[in-house]
Amino acid sequence: MDIDAVHLNFSPQSLNTLNWVIAIIMFGVALDIHWRDFQAVLSKPRAPVIGLLCQFVLLPAMACGLTILLQLQPSIALGVLLVAACPGGNFSNFLTHFSGGNTALSVTMSSISTLASIIMTPLNIGFWGQVNPQTAPLLKSISIAPLDVLSTVFTILILPLALGMVVHYRWPKIANMLKKPLQMLSLLFLGIVIVLALKNNFTYFLNYIGLAAGVVFIVNSAALALGYGMARAAKLDSRDAQAVSFEVGIQNAGFGLILIFNFFDGLGGMALITAWWGIWHLISGLILAIWWRRRQHNAKATLVTEAI
């Protein structure tokens, strides 16, 4: 069966669960955010501007170019474009911290990209979906109400983000107590939801996973390299560049799945790419974070040895 004709099964109950999980994840991320983080951006805006330029302009353009170059099937290509249009995933904050990157910058970029996604995500999907001649007919055949997309983004991303920041500001002790267990639990729940989606559609995933794995590997690797390369070209230090790299390469795949099952009728190629991205970027991100962490430790050990 052609992947473009496949529509995956995802019950309304599972979709509601996924909505709640994404909202809880965003609330947990916001417990780490303070209004002064945005003030820091205004005082030194170069790093987040580079990150957001990569996130919402260069990455979607690059993803569109790769879908045309690789001559991907329409639903697969549209899945790549949708993932590229999503805001950064909150796992980027953990990876940045673990690798020794600039965590404050990572959290700030995640917050701003989430806010910007209310406009930029549907705009990028619509624009780049029309640019690719393979996806344009498919996109036209799907009815997407912009206000419904905006409402979904606001409900599961913007509102929880605002509530979390209020809790951080008004009740900082409660925020500190909740943030780590809440973030770990929400990531666990997200993993369970993705696994259930795979289980309920195992035959489709088994048949097409080879195609998805290759495409996701190429685009995700290019995204991580784009973020780091652009940051270094802009003369940002390595810690800032690590934060930008993770922000560009780690996407909010859970949010992407919500859009697919709400507005694209569970289109198989799109869901396959997005679900596998949600798994693969955790693996690629951890590998890169471990490598950067070890490199920093080796550099420090060398400095200590030279000092002795």
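**Figure 1. Overview of the chain.** The accessible surface of the chain comes to about 14100 Å², and carbon and sulfur atoms account for 69% of that area. The model shown is predicted. Along its 308 residues, 52% are buried. Of the contacts in the chain with a separation of 6 or more, 86% are between residues 24 or more positions apart.

**Figure 2. Packing of helix α3 with helix α11.** Helix α3 spans residues 46-69 and helix α11 spans residues 238-249. Their axes lie 10 Å apart and form an angle of about 25 degrees. Angles under 35 degrees count as roughly parallel, and α3 and α11 are therefore roughly parallel to each other. The crossing of α3 past α11 is right-handed.

**Figure 3. Residues where α3 meets α11.** On the α3 side are Ala 47, Gly 51, Cys 54, Gln 55 and Leu 59. They meet Asp 240, Val 244, Glu 247 and Val 248 of α11. Sorted by class, this contact has five nonpolar, two polar and two charged residues. In an α-helix, residues three or four places apart point the same way because there are 3.6 residues a turn.

Figure 4. Among the buried residues are Phe 255, Phe 261 and Phe 263, along with Leu 257, Ile 258, Leu 259 and Ile 260. Ala 253, Gly 254 and Gly 256 are buried too. Asp 265 follows α12 and has a positive phi, near 55 degrees.

Terms used: Residues numbered from 1 in each chain as written. Predicted model: local features only at pLDDT ≥ 70, side-chain atom pairs only at ≥ 80, totals over all residues. Heavy atoms only, no water. Axes fitted to C-alpha atoms, helices over the stretch in contact; angles between N-to-C directions. Helix = DSSP H or I, 4+ residues; strand = E, 2+ residues; numbered from the N terminus. Parallel < 35°, antiparallel > 145°, perpendicular 65-115°, else oblique. Left-handed = near helix turned anticlockwise from the far one by under 90°. Contact = heavy atoms within 4.5 Å. Nonpolar A, V, L, I, M, F, W, Y, C, P; charged D, E, K, R; others polar. Buried < 20%, exposed > 50% of the residue type's maximum accessible area, 1.4 Å probe, protein only. Areas by Shrake-Rupley, 256 points an atom, 1.4 Å probe, with all protein chains shown as cover.
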